[in-house]
Amino acid sequence: MGPLVVNEIISENTNLLLAFFVGIAFGFVLEQGGFSSSRKLAGVFYGYDTVVLKVFFTGAVTAMLGLLFLSLFGWIDLNLVYVNETFLQSAIIGGVVMGAGFIMGGYCPGTSFCGAAIGKIDAMIFIVGLFIGVFIFAEGYPLWEGIYKAGFMGSPRISEFFGVSEGILALLVIVAAVLMFWGGEWAEKKFPREEY
Amino acid sequence: MSENRKSNYMNPYLAGVLLGLVVIAANFISGRSVGASGAIKSTIIAGVETIAPAHAESATFYKEYTDGHKGNPLNNWLVYQMLGVLVGGFLSGILSKRLTWKVEHNPKITSRTRLLFALGGGILFGIGSQFGRGCTSGSALSGMAVLSLGGFISMMAIFGTAFALAYFFRKLWI
Amino acid sequence: MKNISLTPRMLITAILLSLGLIIAAVPKNTTKPYKLTAPQILDELKSGTQYLEPEQVAQMLVEKDPYLQLIDIRPQNEFEKFSLQGAINIPLDNLLSEDYTEIFDQDVKLNVFYGNGTTQANEGWMLLRQLGYSNIYVLRGGLNYWAEAILNPTAPPSTSPNDDLAKYDFRRGASQALGGGEMAASQQSSKSPAAKVPGPKPAGKKKKVAGGCS
């Protein structure tokens with residue numbers, strides 16, 4: 001069974017076609033969830049709208065649970081699923097720079113495509129910025145290649161890192177997410193904004 | 001300009017569950033997840049290879065990519081996926097009647113300011129996504145789904161920094 | 001009784017928490033339902049990734065590395081005559097017996113097969129590899145080469161490159177530590193196939209997954 005491509009159940013070209021459909025679903029859900037609006041997205045950082053928090057963490061937790069259950073039933077081999085590599089310094093630097101970009105631009109790359117799809121001009125400008133940013137990174141690559149590759153830790157899962165089972169870690173993440181949902185709704189009541 | 005906008009969106013938890021299902025589907029099909037910045041990188045590389053092939057052969061960044069990837073960089077899972085995102089977002093916009101040309105901004109700032117900051121934010125996000133080896137979708141969301149340590153670190157750095165800087169950019173948003 | 005309205009937040013909390021409790025309570029699925037195709041195995045066989053160099057194994061033996069599990073794949077009577085330290089005997093004929101699944105189905109120890117040469121060990125490796133077990137390795141050259149390279153190393157000519165001399169010193173040391181010398185000495189000089197100085201333990205072989213935002 002899954003992953004279908006790695007196990008050669010479907011061909012590479014079918015894979016690309018399916019990527020297109022996955023993308024459609026991805027874009028549709030993001031837009032329906034309100035991720036096409038930068039003011040809604042930025043709301044989470046001021047407490048007036050925590051939709052990002054709710055959608056993002058519900059999504060992450062659902063996906064995590066789903067993959068663990070699929071693996072439990074033997075429908076997917078989690079060893080064949082890509083786990084992002086961890087380069088410690090680079091991950092932190094990247095996260096900090098992205099966080100700054102997020103609060104300034106009000107979008108992240110995925111959501112900006114979504115905003116652009118429904119005609120948000122600020123989203124299109126943000127995408128132009130993304131291209132410039134990646135280009136700057138590419139051209140200046142020799143300057144930061146060292147730091148980019150420093151602190152390589154392989155592809156550890158957090159559960160391996162802390163030495164607990166994946167299930168228990170999943171439960172901890174869920175508890176954290178639920179606490180955030182309740183905190184978020186509390187914040188929305190505390191810092192209400194009607195018109196935006 | 002924002003009558004009953006709030007009720008117009010899907011319930012966030014429902015949207016989140018659906019988002020999770022999309023990530024699961026992506027993983028089930030190809031063993032990898034969603035991502036946006038990778039598509040931009042592929043496009044840049046394809047562009048440079050077309051416009052300045054000599055440069056693409058000599059500069060380290062492009063060479064490392066072509067060494068690791070065969071074929072046309074545009075023939076890539078993430079590129080097709082991002083095309084899908086445009087279509088999906090558009091369909092959703094039609095369905096919920098949200099298709100309009102506009103610059104969305106806080107009434108307290110001008111469109112010009114908003115666009116300048118959008119450009120700056122985009123540039124920073126573009127650079128950051130390369131360091132982080134993926135953006136909020138590719139690194140944080142997908143990374144959390146597979147319990148990747150790097151994904152969690154990126155996610156916390158992104159949201160932590162944005163929260164820390166929120167005060168300084170408050171004029172943009174509230 | 002007061003009516004409690006079910007908000008989406010409470011609903012999602014309830015669902016996620018209960019599913020989380022379930023996933024935390026059940027053990028991880030460890031069955032290996034995915035078999036390799038014949039061409040994949042052929043590829044691995046061709047590239048020779050299953051081999052561990054005798055030096056590497058000797059080093060682990062000397063250090064009493066707890067991760068090493070030597071498996072003698074020859075018939076029992078041969079095993080009783082001579083075997084490597086700490087090896088267990090699983091004759092090729094009994095390889096698929098249920099008694100041994102526990103030995104193969106784990107991710108901690110390195111299972112290293114050896115026979116007199118490499119043919120039997122390779123046969124065993126292929127069988128198990130096809131069943132999806134990934135931590136099976138083969139001692140390069142088998143016992144014959146082991147005797148030649150580790151137990152009775154021949155000094156290389158003094159004009160040899162430093163690498164060869166260092167290798168010889170290592171083998172001498174390993175030979176003494178492992179009680180070698182009493183096996184029939186072989187006179188040919190060891191023309192070793194680029195034996196590596198023991199490096200890091202080989203990682204489990206995985207199919208490569210493309211991914212990430214890069």
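Visitor: Across which strands does helix α6 of chain C lie?
Guide: Helices (H or I, at least four residues) and strands (E, at least two) are DSSP runs, numbered from the N terminus. Contact means heavy atoms within 4.5 Å. Axes are lines fitted to C-alpha atoms, for helices over the stretch in contact, and angles run from 0 to 180 degrees between N-to-C directions. Here, helix α6 (residues 119–130) of chain C lies across β1, β4 (110–114) and β5 of chain C, and runs at about 170 degrees to β5(C). This is a predicted model: local features need pLDDT of at least 70, side-chain atom pairs count only at pLDDT 80 or more, and totals for chains, interfaces and linings use all residues. Residues are numbered from 1 along each chain as its sequence is written, chains are lettered from A and ligands numbered from 1 in the order in which they are written, and side-chain values use heavy atoms, with hydrogens and water left out.

Visitor: In what order do the strands of the sheet in chain C stand?
Guide: Two strands pair if DSSP finds at least two bridges between them. In chain C, 5 strands make an open sheet with parallel pairing, in the order β1-β5-β4-β2-β3. The edges are β1 (51–52) and β3 (88–89) of chain C; each has a single partner strand, so one side of each is left without a neighbour in the sheet. The partner of β1(C) is strand β5 (residues 136–139) of chain C, paired in the parallel sense over 2 bridges. Within that pair, C:L52 stands opposite C:L139 of β5(C).

Visitor: How many helices and strands does chain B have?
Guide: Chain B has 10 helices and 0 strands. For burial, the cut-offs are these: buried means under 20% relative accessible area, exposed over 50%, partly exposed in between (1.4 Å probe, protein chains only). By that rule, 58% of the 174 residues of chain B count as buried. Among contacts in chain B between residues at least 6 apart in sequence, 56% join residues at least 24 apart. Helix α8(B) is mostly covered, with 10 of its 10 residues buried; among them are B:T136, B:L141 and B:M144.

Visitor: Which residues of chain B have a positive phi although they are not glycines?
Guide: Most residues other than glycine have a negative phi. B:K97 is one exception, with a positive phi of about 55 degrees. B:K97 sits in the loop between α6 (77–95) and α7 (111–131) of chain B, and counts as exposed at 73% relative accessibility. B:R133 also has a positive phi of about 55 degrees. B:R133 belongs to the loop between α7 and α8 (136–145) of chain B, but is buried, with a relative accessible area of 13%. Just after α8(B), B:L147 takes a positive phi of about 60 degrees.

Visitor: Which helices of chain A each supply at least two residues of the nonpolar patch?
Guide: Patches are made of residues with over 30% relative accessible area and no salt bridge: like charges are joined within 9 Å, nonpolar side chains (Val, Leu, Ile, Met, Phe, Trp, Tyr) within 5 Å. Accessible areas come from the Shrake-Rupley method with a 1.4 Å probe; for residues, only the protein chains shown count as cover. The helices are α4 (88–105), α8 (158–162) and α9 (166–190) of chain A, and α4(A) gives the most, with 3 residues. The patch has about 770 Å² of accessible area together, and its members include A:L88, A:F161 and A:L172. A:L172 is found in helix α9 of chain A and is exposed, with a relative accessible area of 53%.

Notes: A salt bridge is a side-chain nitrogen of Lys or Arg within 4 Å of a carboxyl oxygen of Asp or Glu.
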